[in-house]
Amino acid sequence: MSTPLSNSLEDPDGFDDALALANDAPVTSWPEPAPPPSAAASPTPGSRSGAGSGRVAHTAARDWAPARAAARRAGRPLDPVELPLAEALRHALAEPLAALTDLPAFDSSAMDGWAVAGPGPWVLEPGRGLLAGGGDVPPLGDGRAVPIATGARVPPGATAVLRTEHGRVADGRLSAERAPANGTDIRPRGQECRSGDLLLTAGTAVTPAVLGLAAAAGYDTLRVTRRPRVEVLVLGGELLTEGVPGAGLVRDALGPLLTPWLAAVGADVVAVRRLGDDRDALAAAVAASDADVLLTTGGTAAGPVDHVRPLLAELGARLLVDGVAVRPGHPMLLAELPADTPGPGHLVGLPGNPLAAVSGLALLAEPLLRGYADLDPDAPPHSARLTEAVTGHPRDTRLVPVAFTPKGAAPLRYQGPAMLRGVAAADALAVIPPGGAPSGSTVVLLRMPSP
Ligand SMILES: Nc1nc2c(c(=O)[nH]1)N[C@H]1C(S)=C(S)[C@@H](COP(=O)(O)OP(=O)(O)OC[C@H]3O[C@@H](n4cnc5c(N)ncnc54)[C@H](O)[C@@H]3O)O[C@H]1N2
Ligand code: MOO
């Protein structure tokens with residue numbers, strides 16, 4: 001089932017929903033939109049947001065790029081902490097990683113075979129053999145050989161390692177068709193680095209490979225930038241936490257989505273609280289929070305139970321981003337909470353519509369949190385060619401879920417503000433400028449976090 005495009009042309013503000021089921025529309029020059037909703041805007045029956053005053057038009061709305069940059073600037077790196085390796089994953093190094101030893105720390109064999117001294121043939125050391133992990137090794141005299149395993153210390157005096165497949169043993173003597181050149185298959189001490197060498201710069205994200213390198217270089221703990229602690233406040237009295245939705249109730253899709261998403265972009269979610277539509281509960285939760293960042297979902301519009309903006313105003317918070325000219329997600333906000341009270345430094349208000357919330361994650365929450373965590377805000381690729389045209393909004397940017405294909409970024413269907421079906425199959429959100437993007441054009445990408 002798809003909603004006819006013509007309906008959306010009559011109602012540009014509703015077009016996200018109108019295009020939600022299909023992406024086969026040609027790039028269209030949209031008619032000039034109606035003026036932003038005014039105080040006279042008629043409420044939509046049954047919609048909490050629909051009864052609003054029109055403030056959700058956000059005359060202060062910024063373009064997506066400056067909004068994202070403002071969020072990034074707001075997130076100042078937190079203090080460093082010292083963590084065991086196992087807990088340091090997805091943090092940023094707070095200081096350069098310098099080798100605590102030469103690597104390798106000793107001359108070692110690169111192959112299974114024999115350590116040999118001088119040109120062959122060689123007399124085999126009777127009853128000896130060198131294994132990885134062995135302690136001190138006695139020196140090897142000229143003309144002698146000893147079996148050696150990969151990773152074992154090469155004895156002083158050895159000139160090369162002869163691989164098992166290149167040698168023959170007969171009557172206690174080892175011979176080879178060709179004597180190995182000096183140093184063959186010996187990994188010399190310090191080949192990869194010398195003690196004190198800079199291996200990685202401060203700010204590098206700790207990946208599994210970084211953990212491996214740090215362990216190899218002698219580290220048990222790492223000094224990393226602390227990840228921001230985030231508390232999620234899920235607003236909405238219509239939300240179910242389990243079971244099959246229906247009859248006016250919907251499942252909370254954002255609680256389950258947010259915790260892993262935020263973890264993947266460098267935050268620790270310390271709590272997810274469901275507060276219904278209770279203004280006092282929201283005020284109490286904000287006052288009681290000891291997180292670095294509060295993240296609310298829903299309640300960003302101007303409906304009768306949309307408490308986020310009024311509460312921020314009462315608290316004297318400063319709106320760093322008050323709406324973004326982007327669809328979906330235009331009511332998103334970023335506020336700086338008053339510095340003279342303990343508690344969170346910032347509040348990110350994500351709109352309740354699930355795909356609109358994902359837009360807010362990509363544009364505000366992720367850059368803010370990565371700023372706090374001192375992590376690079378942008379995962380490549382940063383742009384791609386569209387495999388087909390995407391219709392634009394007349395004045396706002398669209399964020400459209402796309403999947404990577406060999407031919408480029410393919411726009412996905414089911415991209416309405418209330419839908420997650422498209423984004424669940426997406427690799428990125430494509431930034432579609434006002435007016436649209438033709439097939440083959442290059443668009444900016446905002447990557448989905450990897451699991
Ligand atoms: N008069 C106007 N009304 C609205 C406008 C507007 O411009 N003028 N903008 C619409 C847009 S766009 C959005 S987005 C929403 C944002 O509203 P809120 O942030 O206040 O969100 P709610 O009203 O609480 O919920 C909206 C929608 O999303 C569903 N929802 C909420 N939370 C969840 C959740 N955790 N999981 C799943 N679904 C959720 C909720 O049931 C509503 O259907 O405002 C429009 N209104
Ligand atoms: O489309 Mo709303 O823009 O769902 O944020």
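**Exercise 1.** How many nonpolar, polar and charged residues does the shell around ligand 2 have, by class? Then identify polar atoms of the protein that lie beside oxygen atoms of this ligand.

*Solution.* The model is a predicted one, and the steps below should be read accordingly.

Step 1. Eight residues surround ligand 2, and the closest are G329, H330, N353, A356 and P417. Sorted by class, the shell has four nonpolar residues, three polar residues and one charged residue.

Step 2. For the polar contacts, a pair of N or O atoms must lie within 3.5 Å. G329 meets this through its backbone, where an N or O atom lies 2.4 Å from an oxygen atom of ligand 2. H330 also takes part through a polar backbone atom, which is 3.3 Å from an oxygen atom of the ligand, whereas N353 uses a polar side-chain atom, at 3.0 Å from a ligand oxygen.

**Exercise 2.** Determine which residues of helix α4 are buried, explain why they line one face of the helix, and state what they pack against.

*Solution.* Step 1. Helix α4 spans residues 208-216, and its buried residues are V210, L211 and A214.

Step 2. Viewed down the axis of α4, these buried residues fall within an arc of 100°, and therefore they line one face of the helix. As a general rule, an α-helix has 3.6 residues a turn, so residues three or four places apart point the same way.

Step 3. The buried residues of α4 pack against β2 (97-98), β11 (198-200) and β12 (221-225), while P208 and A209, on the other side of α4, are exposed.

Step 4. Beyond the helix, α4 is followed by G218, whose phi is positive, near 105°.

Notes. Residues are numbered from 1 along each chain as its sequence is written. Chains are lettered from A and ligands numbered from 1 in the order in which they are written. This is a predicted model: local features need pLDDT of at least 70, side-chain atom pairs count only at pLDDT 80 or more; totals for chains, interfaces and linings use all residues. Side-chain values use heavy atoms; hydrogens and water are left out. A residue is near a molecule or strand if one of its heavy atoms lies within 4 Å of it. A polar contact is a pair of N or O atoms within 3.5 Å; within protein, one must be able to donate a hydrogen and the other to accept it, and residues adjacent in sequence count only if both atoms are side-chain atoms. Ala, Val, Leu, Ile, Met, Phe, Trp, Tyr, Cys and Pro count as nonpolar, Asp, Glu, Lys and Arg as charged, and the others, Gly among them, as polar. Buried means under 20% relative accessible area, exposed over 50%, partly exposed in between (1.4 Å probe, protein chains only). Helices (H or I, at least four residues) and strands (E, at least two) are DSSP runs, numbered from the N terminus. The arc is that of the directions from the helix axis to the C-beta atoms. Contact means heavy atoms within 4.5 Å.
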